[in-house]
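Let us read a structure feature by feature, in question and answer form.

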Amino acid sequence: MAAEMWLDYDPVARRLPGMHLGTRTLGAPAVAAVTELHTAGVRCIRLPEAVRLCADAPAHSAHALMLIREATGRGLAVLWDAVCDDGCVTRRLYHHLYPPEHVIGAPEGIVADWRATYFPSKCIFRRGPGFVEVRDRRLGTLELITVDEADHLDRLEALTEDIDAGELPDAVRRDFAGAGLIAEHAGRAWWLPMRVRRWPFPAFTV
């Protein structure tokens, strides 16, 4: 997945000499690719190709969404366009990601709503001893989900990149999909919540 890179978030600052780092291809795993960019001082990326959100999205769109998830979690600004023509965007499944500039094919007002309701750490997960806690505010209210079943925990780390959806036990696939914690594209399933690295707000807000 190609990405254009800058050393600053601000559009004016991005025009200064030395701020633009050109374009490079970001491979998998997404977490390693974005961690490398963040360590190098990159604070804004642009994806030149529109990213499809719908269930029939190809594998490269899923990879792009995982890159956006990791970039959002690292505090990078992401300039990107989404495509949705089946209405899936109204489910707010991706509304914890840095908002796109446009959502092609979506109902009017989707981008404005996405931007107005977005805040950092909107859907995150963190590990405890023998469990994973998910804090999800994509639908406006705080949903607390605790994952402590062995089968679910065994697959969770692999899902943070992506795995063959058919390899998931039926109960794991049903539970994660029902809670809106995974997406499936091109036969692959991947984890939607972002890994929490720091609390940007007091715990009662997050």
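This is a predicted model: local features need pLDDT of at least 70, side-chain atom pairs count only at pLDDT 80 or more; totals for chains, interfaces and linings use all residues.

Q: At what angle do H1 and H2 pack, and how far apart are their axes?
A: Helix H1 covers residues 30-39 and helix H2 covers residues 59-73. They pack at an angle of about 45 degrees, with their axes 9 Å apart. That angle makes H1 oblique to H2. The handedness of the crossing is right-handed.

Q: Which residues of H1 and H2 meet?
A: Start with the general idea. An α-helix has 3.6 residues a turn, so residues three or four places apart point the same way. Now the case here. H1 contributes Ala30, Val31, Ala33 and Val34. H2 contributes Met66, Leu67, Glu70 and Ala71. By class, this contact of H1 with H2 has 7 nonpolar residues, no polar ones and 1 charged.

Q: What span should H2 have, and what is the distance between its end C-alpha atoms?
A: H2 has 15 residues, so at 1.5 Å a residue it should span 21 Å. Its end C-alpha atoms are 21 Å apart, which agrees.

Q: How many residues of H2 are buried?
A: Of its 15 residues, 12 are buried, so H2 is mostly covered. Among them are His63, Arg69 and Glu70. Met66, Leu67 and Ala71 are also buried, and these three belong to the contact with H1 as well.

Q: What value does phi take at Gly75?
A: Phi is positive there, about 85 degrees.

Q: Which residues other than glycine have a positive phi here?
A: The general rule first. Most residues other than glycine have a negative phi, and most peptide bonds are trans. Arg92 is one case with a positive phi, near 65 degrees. Arg92 sits in the loop between strand E6 (81-83) and strand E7 (102-104). Its relative accessible area is 22%, so Arg92 is partly exposed. Ala186 is another case, with a positive phi of about 50 degrees. Ala186 lies in the loop between strand E12 (182-185) and strand E13 (188-191).

Q: Where is there a cis peptide bond?
A: It joins Ala28 and Pro29, with omega about 0 degrees. Pro29 is in the loop between strand E2 (20-25) and H1.

Q: Is Glu161 buried or exposed?
A: Buried means under 20% relative accessible area. Glu161 has 16% relative accessibility, so it counts as buried. Glu161 lies in the loop between helix H4 (150-159) and strand E11 (163-164).

Q: With which residues is Glu161 in contact, leaving aside its neighbours within four places in sequence?
A: They are Ala28, Pro29, Ala30, Val31, His63, Met66 and Trp190. Ala28 and Pro29 are the pair joined by the cis bond. Ala30 and Val31 belong to the H1 side of the contact with H2. For Glu161 and Ala62, the C-alpha distance is 9.8 Å, although they are 99 residues apart in sequence.

Q: At what angle do H4 and H5 pack?
A: The angle is about 65 degrees, and the axes are 10 Å apart. Helix H5 covers residues 170-178. H4 and H5 are therefore roughly perpendicular to each other. H4 passes H5 in a right-handed crossing.

Q: Which residues of H4 and H5 meet?
A: Asp151, His152, Leu156 and Leu159 in H4 meet Ala171, Val172, Asp175 and Phe176 in H5. The contact of H4 with H5 divides into 5 nonpolar, 1 polar and 2 charged residues.

Notes: Residues are numbered from 1 along each chain as its sequence is written. Side-chain values use heavy atoms; hydrogens and water are left out. Axes are lines fitted to C-alpha atoms, for helices over the stretch in contact, and angles run from 0 to 180 degrees between N-to-C directions. Helices (H or I, at least four residues) and strands (E, at least two) are DSSP runs, numbered from the N terminus. Angles under 35 degrees count as roughly parallel, over 145 as roughly antiparallel, 65 to 115 as roughly perpendicular and the rest as oblique. A crossing is left-handed if the near helix is turned anticlockwise from the far one by less than a right angle, and right-handed if clockwise. Contact means heavy atoms within 4.5 Å. Ala, Val, Leu, Ile, Met, Phe, Trp, Tyr, Cys and Pro count as nonpolar, Asp, Glu, Lys and Arg as charged, and the others, Gly among them, as polar. The expected span of a helix is 1.5 Å times one less than its number of residues. Buried means under 20% relative accessible area, exposed over 50%, partly exposed in between (1.4 Å probe, protein chains only).
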